[in-house]
Amino acid sequence: NKIIRYIYDLFIVSLVAQIGTTPLSIYFFHQFPTYFLISNFLTVPVSGIVLYIAFAFFALYPIPYLSELLTIIMKFSVRFMNYSVKMIEELPGSVIEKIWISDASFILIYVLIIATTCFIILKRTKYVFISLTVILILISIECHEKYTQNKQNVLIIYNNYKEPLISFISNNKHYYYSGSDSISEYCIKQLKNVSGKYGTSDPEA
């Protein structure tokens, strides 16, 4: 069935794309989108339409009325895609935040993805052994980080000239001091990043 086949292909493309980009999303942005399948089911077809319309626009640019019609259709498609993504983003629980992984974990996750993919394609047991070994190493790293977080004592002095800011981390607690009664959004973001990096509770004044 062509419809079922199209849905299946779209599901596979969305899943593979998300698996490939999830480590990057977690490592750089420290978050994971939970509704990625829903958003991809909308954005992938619409982005394809936008791409075809853009090619048609450049090819048919000399034709006045047709190029204007293509421009209107392209604008509508882009707005629909952005609106759909925004609506999905505003759903409750759409993003899991404050996920931090180390450099070693980031590399090992991609090794795990590659090894698992090789096993699915080549059906060789050595890739299962590699995958299980990587999982064991990742669990060991996570346990070591949790143990370290329960023993940590860190003093951080931020390089803020206009707004002095100091953090003191004791075990899983994060305390901060600022010379101002109210701190800026930039400083709040800095404090939250430090809390996520060291695995502490929310910063307290």
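**Pockets and packing**

Tutor: Happy to! In this predicted model, the residues lining the largest pocket divide into four nonpolar, ten polar and seven charged. That lining has 21 residues, and Trp100, Gln149, Gly196, Lys197 and Gly199 lie nearest the pocket's centre. The pocket's volume is about 480 Å³.

The second largest pocket has a volume of about 330 Å³. Its 14 lining residues include Pro33, Ser39, Val85, Glu89 and Val95, which lie nearest its centre. Here α1 (2–29), β1 (31–33), α2 (36–59) and α3 (64–89) each give two or more residues. By class, this lining has six nonpolar, seven polar and one charged residues.

The largest nonpolar core has ten residues, among them Val154, Ile156, Tyr158, Ile169, Cys187 and Val194. At least two core residues come from each of β3 (153–157), β4 (165–170) and α6 (185–198), and α6 gives the most, three. Leaving aside residues up to four places away in sequence, Val194 touches Ile156, Tyr158, Ile169 and His174. A second, separate core of five residues includes Leu108, Leu112, Leu138 and Ile141.

A word on the cysteines: Cys187 is buried, because its relative accessible area of 1% is under the 20% cut-off. Cys118, at 22%, is partly exposed. A search of the whole structure finds zero disulfides.

Technical notes:
Residues are numbered from 1 along each chain as its sequence is written. This is a predicted model: local features need pLDDT of at least 70, side-chain atom pairs count only at pLDDT 80 or more; totals for chains, interfaces and linings use all residues. Side-chain values use heavy atoms; hydrogens and water are left out. A nonpolar core is a set of buried Ala, Val, Leu, Ile, Met, Phe, Trp, Tyr and Cys residues joined through side-chain atoms within 4.5 Å. Buried means under 20% relative accessible area, exposed over 50%, partly exposed in between (1.4 Å probe, protein chains only). Helices (H or I, at least four residues) and strands (E, at least two) are DSSP runs, numbered from the N terminus. Contact means heavy atoms within 4.5 Å. A disulfide is a pair of cysteine sulfur atoms within 2.5 Å. On a 1 Å grid over the protein atoms alone, a cavity is a set of points where a 1.4 Å probe fits but cannot get out, and a pocket is an open set with protein on both sides within 12 Å along at least five of seven lines; lining residues have an atom within 4 Å of a point. Grid points are joined across faces, edges and corners, and a volume is the space filled by probe spheres set on the points. Ala, Val, Leu, Ile, Met, Phe, Trp, Tyr, Cys and Pro count as nonpolar, Asp, Glu, Lys and Arg as charged, and the others, Gly among them, as polar.
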